[in-house]
Structure formats: C-alpha cells, structure tokens
Amino acid sequence: MRQQRLTPYLLIAPAVLFFAIYVLYPIVHTCVLSAYSWSTVNPARVYVGLDNYRNLLQDPYFLLSLKNNLLFVVLSIIGQLPVALLLALLIGSATRTHQFLRTLVFGPFVVPVVAVGLVWTMIYNPSFGALNAILARIDPSFEGRGWLSDPPWLAIYSIIFVSCWRYVGFHMMVLLAGLQAIPDELYEAAKIDGAGNWQAFRSVTLPLMCRVIAMDALLITVGSVKIFDLNWVMTQGGPNHASEVLATYMYTCGFSDDRMGYAAAIATVMLAITFVATVVYVRVSGKEEVGEL
Amino acid sequence: MSRRISSWSVNALMALIALAFVAPVFWSMMSAFKTQSDIRLHPWAWPTRPEWSNFVEAWQGSMGLYLLNSLIVTVIAVAIILVLSAPAAYAFARLRFPGSAVLLGFILSGLLIPVHAVLVPLYHFNPGSLLLQSAAQGSVQVEWFAERFGDWIAVLGPYVAFGLPLTVLLLRAYFISIPNELSDAAVIDGCGHLTILRKVFLPVARPAVATAAIFQASWIWNELVLAMVFINDDRQKTLTVGLMSFQGEHATDWGVVMAGVFMAVVPVLILYFAFQKHIIKGLTAGAVK
C-alpha cells in the first residue's frame, strides 16, 4: 500500500529532478548572480546589489538591444502574420500542387539556422551577392551596397527579413490548422445568405480566427525575445553593436568580455520579459486550453 | 477570357511563391560548385564546369566529423529525453496523486524559458562536468573519457532538460486519450506500471513518440548557443559550432563555405522530402497543441 502511494513519485522523479537541476536551479542562480560583479578571471565576487541593473539602464548598447528586440517583435508580426494567413488561404487546399507548395514554403524552417544565416550572408554580400547583382541591373546605385554593414542601422532590418522568410511557412501551418478547424457548414450558410468570398472571409474566417491569430502573434513575440542564432551568424551583433539583440549582447558581455554578473543581469531581464509575455499568452489562449494542459 | 487570365495569374503567383522560398537556397548551393573567380565575376551564372575541390576542402575541414558528432549527440539526447519523459507522462496522465498539478506545472514552465537564462551558472557549475571531474580523480580511464567526451556530457544536460517539458506534454496528452480497456487486461494480469507503459502505452502512442522525437531532434540538431558555450574541443564540435568555425577559417572563400553548408543542408532536405508529413506535424507540435 505504502509502495503504491510512492509509485507515481518514483515515475516522475527522474524527469523532475533533471529539470530542477539543469533549468530551475540555474535560473534562480542567474537571478542571484546578477547582484554580483565577477568574472572567470577574477572569481572573487563582489556584492553590488542592483548596480548591474542601474548600469544597464545607462548602457546605450543594452538599450539598443532592447529596441532591436522590440523591432523584431513588431516587424515579425507585421511581416509574417498577414503573409502567413494569405498563404494559408491561397495554398491551403488538399490538392497535390498546394501540398507541394506548402512543402516548399515550410522548407526554410527545416534548414539548419546556421546554414540559413550563411546563405543569406552570401546573398547580401556587397560585391558578389545575388541581391545586388539583381538590383544593380535595375538601378546601378545598388552596386556594392552592404546590406549588413552600410549604413549600420540597415543590418537589423536585413536580418529581420531573413527571419520572416524562414518562419513564415511555420506560421502558415499554424494558421492553416486554425482554418481547417472552422466547420464547412458556416461557409455554406454564408453562401446561401448570398455572401461573396470577401464577405465570407470577413464574417466567418476572421472572427473565428481571432484567437488563433492572437496566440500566434504571442508565439512570435516570445520567439523574438529569444532570437539569437541568425544575428550571431550574420553579424555577431555588429557593426559596432548596431544589430545587437538581448541574447547576443548577453553572450558577448558574458563570454567575450567576461563580465559574468552583468550578463546574468541581462539574462534576468530576458527572463522577466518572457514571463510577462507568457502570462499574457495564457490569458489570451483561454481557460479551456489551460484546463486541458 | 477573364477566366483564362485569372488562371494564368494564379499559376504565375504559385510559381512566384515557390521561387521565393527555393531560389535563395538554390543560388547559394550553386556557388558550392563554382571557383573563386566564377563567384566573384559571374554571381548569377551557372558553374562553367563543376568544381569539386570545394567539397574536398570542406571534407578535410572536418565537416564529416561535425555531421557525425551532431548525429551522435542528437540521438543520445533524444533517447534520454524519451526515457525520462515517458514514465513521467504516464504518471501525470494515468495516476492520481497529491501535488500532481503543481509538479506538472513545474515542468511545463520550461516550455518558454530562454536557454540564455541558464548559461552563466551552468558554465561555471555544470553538474555533469563536476561529476565527471570528481570521478576522474585517480582513474586514468575516466580521465581519458572526460577529455575525449567531456564537452558532450556538459552540453547533453541542458539539451535533455529543455527537451523534457514539451515531450512530457505531448506524451501525456496522448496517454490520456488511450481507453482504459486497453490497460485493464494488463492490470488484471498483475503487471507493474513500467511494464504497462512499455507493453501497452508506448506501442499505441507511437505517433506521439515520433512527433516528440522529431521536434527535439530538430531542435538539438540546430542548437547553437549551448554548443558554443560548452563545446570547445575541435574533436567534439557539432554541426552548428563546426560550421561557424569552418566559416571563420574560410572567411573569404565562399565556395568552400557553401560546400560545407551544402553538406549540412542536403541530408536534412532529403529527410524532409521523404517524411514531410511527419516532420511538418512534429515541428508545429509545440504551437498547434
């Protein structure tokens, strides 16, 4: 009897312990470490309280990173959701052509991120990239333009574009799953009522897709806070921090500049932003789903 | 007439969509077959004749080793994730016990946590590495093992831990949907929970196991920042860090870099086109759930 009561705990223990050791404890540790000034070279930790956070507020590169993350969120939502919805409506049917096209659109999502970054770094290359080669035929002034370097502020936009290109197929699939959940009877009823395609879209599709779209937007938001790989591969946050985001700046501070306490403070900020976004996500995604979890 | 125009324009639109997602990859892959001067002088032309030396150089630059390393690390990590997740998912789905909701919430909280939040502490106090270090005291074999595979031990910890939440979630959802009748017979036969899990639940839940495995494998195959922090030994580098250092060494030689990218991308694309339905389902599992 006693053994039976223990059984469930023994079954979950390995997973829970592993998770606690490698995720939860380090998270708490990160928050604690963010109150110290220390480095690998000089491991003597000096307690500085909230100084790291005060410095962050005056650090132009940190503020720039925040701004770039925000830009990432906004432009990713604006750039991806409408295109993804349009694609889901355009090539969402079960015909072979559409299925094949969906496979192609989703394709960039399975290509390793580092490879995607390198591919686009080459496309953006000022002297022999494909982009300038095309554009220079239309307007010679594009010859030699550095999409990732000149002017420096352009880099983040070029990276965001690649990110949209890579993820739009993923969001197309998410929205398509939502579209397929709409019962056909509703469209038939709209047709009987004399609604055209556009009217059916406005009065049936959009209202019923509202929640799915909102959830997807939050998914993009959370993803954009964590964004690291593309920025790191394409510019490493440069030139001169112009395309820095929180994750790249955190990595640079901690593992290139060896300012571990400062890096921990940036990580804590990322954690806080993710936490807020998650709370909103749970609120929007509704109680029934959380209950099902 | 207007019908013909519209069907023509629909076809053109379809072709344009296909082109937008294929052309960038195709163009850069083409560069892997071109000489340096071909790349610089004729960015858009076909290779005058296929240039295999890029691939030879990429292979000598240990791209093959990186691929093999990624394969090993991914397989081990996914296996451990499944072994740890299945019993937990079973308990959360099928058994009632005090604290189950809290403990489930505890694990699921990991779904949205950025890996950056654990980098600094794990870099300095990695449980796997510390364990290995203390075991290596006085044992030559363990010492050799630590030197040869220590970075993998360090990186596997967070790989597994971050893979657990979604896997538990997916398996649990599937286990809940399995009718009681299936397991009742086994219970009457007096089988233990682990036997029931292995003989009844896991075989039935194969689709969910495949979905979870595909998602985690893809994540680990692509993971960059943990690999950058924990894998420094050249012999242990996985594909992502390997490609980065490979690009660093051949910074100006884009033909060679693209040959490396080609070797990293083509196996993945072959798998993708062979199992596209499963892969798309697996990769969107986290969102569509």
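In this predicted model, helix α4 of chain B and helix α10 (residues 193-204) of chain B pack against each other at an angle of about 95°, and their axes lie 11 Å apart. That angle makes α4(B) roughly perpendicular to α10(B). On the α4(B) side the meeting residues are Ala86(B), Pro87(B) and Tyr90(B), while α10(B) contributes His193(B), Leu194(B), Leu197(B), Phe201(B) and Leu202(B). Sorted by class, this contact between α4(B) and α10(B) holds 7 nonpolar residues and 1 polar residue, with no charged residues.

The same helix α4(B), which spans residues 63-94, returns in the surroundings of helix α13 (residues 239-249) of chain B. The buried residues of α13(B) are Leu239(B), Thr240(B), Val241(B), Gly242(B), Leu243(B), Phe246(B) and Gln247(B). They pack against α4, α11 (206-222), α12 (225-230) and α14 (254-274) of chain B, and also against α5 (113-123) of chain A.

Another place to look inside chain B is Leu156(B), which lies in helix α8 (residues 140-177). Leu156(B) counts as buried because 20 other C-beta atoms lie within 10 Å, and 20 or more is what that class requires. Leaving aside residues up to four places away in sequence, Leu156(B) touches Val73(B), Ile76(B), Ala77(B) and Gly128(B). Arg40(B), by contrast, stands 116 residues away along the chain, and the C-alpha atoms of Leu156(B) and Arg40(B) are separated by 41 Å.

Turning to chain B as a whole, one finds 16 helices and 0 strands. Its radius of gyration is 24 Å, well over the 19 Å that the globule rule gives for 289 residues, so chain B is more spread out than a compact globule. Taken along the principal axes, the C-alpha atoms of chain B fill a box of roughly 75 × 75 × 35 Å.

How many residues of chain A are in contact with chain B? The contact involves 70 residues of chain A and 73 residues of chain B. Helix α1 (residues 2-33) of chain A supplies the largest share of the chain A side, with 18 residues. By class, the residues on that side of chain A divide into 57 nonpolar, 11 polar and 2 charged.

The peptide bond from Asp150(A) to Pro151(A) is cis, with omega near -5°, and Pro151(A) has its place in the loop between α6 (130-138) and α7 (154-180) of chain A. His241(A), in the loop between α10 (229-234) and α11 of chain A, has a positive phi of about 65° although it is not a glycine. Asp258(A), which sits in the loop between α11 and α12 (260-285) of chain A, likewise is not a glycine and has a positive phi of about 55°. His241(A) is partly exposed, with 19 other C-beta atoms within 10 Å, and Asp258(A) is partly exposed with 14.

As for confidence, the model scores ipTM 0.87 and pTM 0.89. Chain B averages a pLDDT of 86, with 97% of the residues scoring at least 70, and chain A has a mean pLDDT of 86, with 96% of its residues at 70 or more. Within chain A, confidence is highest in helix α11 (residues 246-256), at 94, and lowest in helix α13 (residues 287-292), at a mean of 39. Over residues 287-293 of chain A the pLDDT is below 50, and this stretch has 2 contacts in the model beyond near neighbours in sequence.

How values were computed
Residues are numbered from 1 along each chain as its sequence is written. Chains are lettered from A and ligands numbered from 1 in the order in which they are written. This is a predicted model: local features need pLDDT of at least 70, side-chain atom pairs count only at pLDDT 80 or more; totals for chains, interfaces and linings use all residues. Helices (H or I, at least four residues) and strands (E, at least two) are DSSP runs, numbered from the N terminus. The radius of gyration is taken over C-alpha atoms; the globule rule is 2.2 Å times the number of residues to the power 0.38. Two residues are in contact if their C-beta atoms, placed from the backbone, lie within 7 Å. Ala, Val, Leu, Ile, Met, Phe, Trp, Tyr, Cys and Pro count as nonpolar, Asp, Glu, Lys and Arg as charged, and the others, Gly among them, as polar. pLDDT is the predictor's confidence in each residue, from 0 to 100. A residue is buried if 20 or more other C-beta atoms lie within 10 Å of its own, exposed if 12 or fewer, and partly exposed in between; C-beta atoms are placed from the backbone. Axes are lines fitted to C-alpha atoms, for helices over the stretch in contact, and angles run from 0 to 180 degrees between N-to-C directions. Angles under 35 degrees count as roughly parallel, over 145 as roughly antiparallel, 65 to 115 as roughly perpendicular and the rest as oblique.
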